[in-house]
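The notes follow in the order in which I checked things.

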Amino acid sequence: MDDMHPSQLAGTDYREYTLTYFEGFSRRVLVLDIEKSYPDGKLIVSRTDTKGIITHANQAFVEMSGYSEAELIGQPHSILRHPDMPAIAFKDVWDTLAQGKKWKGYVKNLRKDGAYYWVFASAVPNVRNGVVEGYTSVRRKPSRKRVNECVPLYAELRAKETGHGL
Amino acid sequence: MVYNLTVSPDFSPEHIAGWYVFNTWLQRKLGYRIHVDLYDDFETQRQAIADGKIDIVFANPFDAAMLVRDKGFTAVATAEGQRDEVVIAVAADSPVRRVEDLQPGVRIAKTQDPDINLIGMILLEPADLSLENTVAQAASTYVLVAKHLIQGRADIGFFLKEAFYDLSQVIRKNLRVLVTSEIHVVRHALLVGPRFAEHGESLRRLLLGMPGDLPQGPGVLESLGFSGWESLGEEDTQFMIDLMDTLQE
């Protein structure tokens with residue numbers, strides 16, 4: 001994944017972070033305090049392989065992420081990871097899916113232009129002939145009340161992670 | 001051997017005759033005896049499937065998941081260009097302008113259509129509504145869903161999008177669309193059961209060739225309300241089932 005560059009942002013008042021991913025690499029991300037509201041009625045649908053590499057992205061995914069389909073396919077799903085999200089949330093996703101179970105949760109995603117959008121996400125393993133071949137994820141418009149409950153919780157988890165050097 | 005064909009009970013009533021016309025055409029083309037069994041409700045149809053009575057079914061996506069994963073059915077084709085989308089409507093004079101205006105205790109008029117009800121509830125999540133804090137108002141048809149809304153017995157109604165726009169203009173002008181789903185990948189599918197599996201490929205070829213099967217093919221399609229059929233492969237079907245899985249509790 002390429003580092004983000006100020007020229008791709010929807011504004012100039014950005015914060016800069018370096019995210020380190022489970023896969024072992026790091027990326028410079030730039031974030032704006034601009035929320036893109038989730039459109040009514042749409043579902044974002046994507047599929048990844050077992051390593052989390054995007055293999056399918058629907059039009060709603062393209063529209064909300066700000067990336068073209070060609071830019072998304074072949075990239076790790078963590079291209080959407082926002083620095084306000086605690087790492088433990090993503091560990092929970094992978095641990096749950098590894099057990100063959102469905103995962104659900106509220107996620108703050110980072111757009112290509114530095115803005116963010118909240119989703120209620122769910123993901124399931126794609127089992128074919130008894131073997132997990134990848135994952136399907138669907139994101140939908142979240143309850144604002146639930147999102148507001150998540151904001152301080154995620155901030156607290158992030159603070160703990162930073163404090164413990166995770 | 002006589003095979004049995006059925007159609008998801010959410011089919012449009014105006015196309016009932018079309019499925020009999022289709023079956024006549026199909027028997028002539030395939031050279032097998034096929035009997036059409038249409039069920040009034042989902043439970044009776046599911047029981048018939050559980051009893052092994054069904055060989056060919058035009059199934060809604062919710063039932064398709066069960067048929068493919070638990071009953072060994074395989075997908076053959078889907079109606080060209082048709083997708084299952086949901087309309088949530090209110091009475092034209094309702095004060096509700098957006099989903100977030102809805103409050104716990106809201107009365108929902110709905111049919112038994114499982115995928116429409118599932119997607120409909122998902123569209124209500126932004127208002128923190130669920131089965132636990134809403135009241136269901138059962139209706140056997142989409143026309144009755146509309147009637148519940150117009151007569152004030154329900155606050156919102158769940159419709160298959162196609163069925164909503166099939167309502168007469170007189171009815172529709174008394175309703176207002178609150179939200180429409182845009183999912184694009186959920187659709188009904190024609191599935192064949194284990195007893196019919198060996199004829200699945202022949203059936204697929206026949207269906208894909210229907211628009212060019214003159215003189216009957218185009219007329220039969222028209223009676224079903226379809227422009228044609230699209231092939232539905234194993235992976236496409238599994239993808240749709242995975243998607244339905246992600247949406248269920």
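I counted a salt bridge where a side-chain nitrogen of Lys or Arg lies within 4 Å of a carboxyl oxygen of Asp or Glu. The model is predicted. By that rule I noted Glu100(B) with Arg98(B), whose closest N and O atoms are 3.9 Å apart. Glu100(B) is partly exposed at 24% relative accessible area, and Arg98(B) is partly exposed at 44%.

Next I went to helix α4 of chain A. Arg146(A) forms a salt bridge with Glu149(A), at 3.4 Å between the closest N and O atoms. The two residues sit three apart in that helix, about one turn. I listed Arg146(A) as partly exposed at 30% relative accessibility and Glu149(A) as partly exposed at 43%. Glu156(A) forms a salt bridge with Lys160(A), the closest N and O atoms being 4.0 Å apart. These two are four residues apart in α4 of chain A and so are separated by about one helical turn.

I then turned to the contact between the chains. Chain A gives 25 residues and chain B gives 22 residues. About 2,000 Å² is buried between them, 50% of it on carbon and sulfur atoms. I found seven salt bridges between chain A and chain B. Arg140(A) forms one with Glu125(B), at 2.5 Å between the closest N and O atoms. On the side of chain A that touches chain B, β6(A) gives the most, with seven residues. By class, that side has eight nonpolar, six polar and 11 charged residues.

Last, I recorded a network of salt bridges linking Arg47(A), Arg128(A), Arg69(B), Glu235(B), Asp242(B) and Asp245(B).

Definitions and conventions
Residues are numbered from 1 along each chain as its sequence is written. Chains are lettered from A and ligands numbered from 1 in the order in which they are written. This is a predicted model: local features need pLDDT of at least 70, side-chain atom pairs count only at pLDDT 80 or more; totals for chains, interfaces and linings use all residues. Side-chain values use heavy atoms; hydrogens and water are left out. Contact means heavy atoms within 4.5 Å. Buried area is the accessible area (1.4 Å probe) that two parts lose on being put together, summed over both. Ala, Val, Leu, Ile, Met, Phe, Trp, Tyr, Cys and Pro count as nonpolar, Asp, Glu, Lys and Arg as charged, and the others, Gly among them, as polar. Buried means under 20% relative accessible area, exposed over 50%, partly exposed in between (1.4 Å probe, protein chains only).
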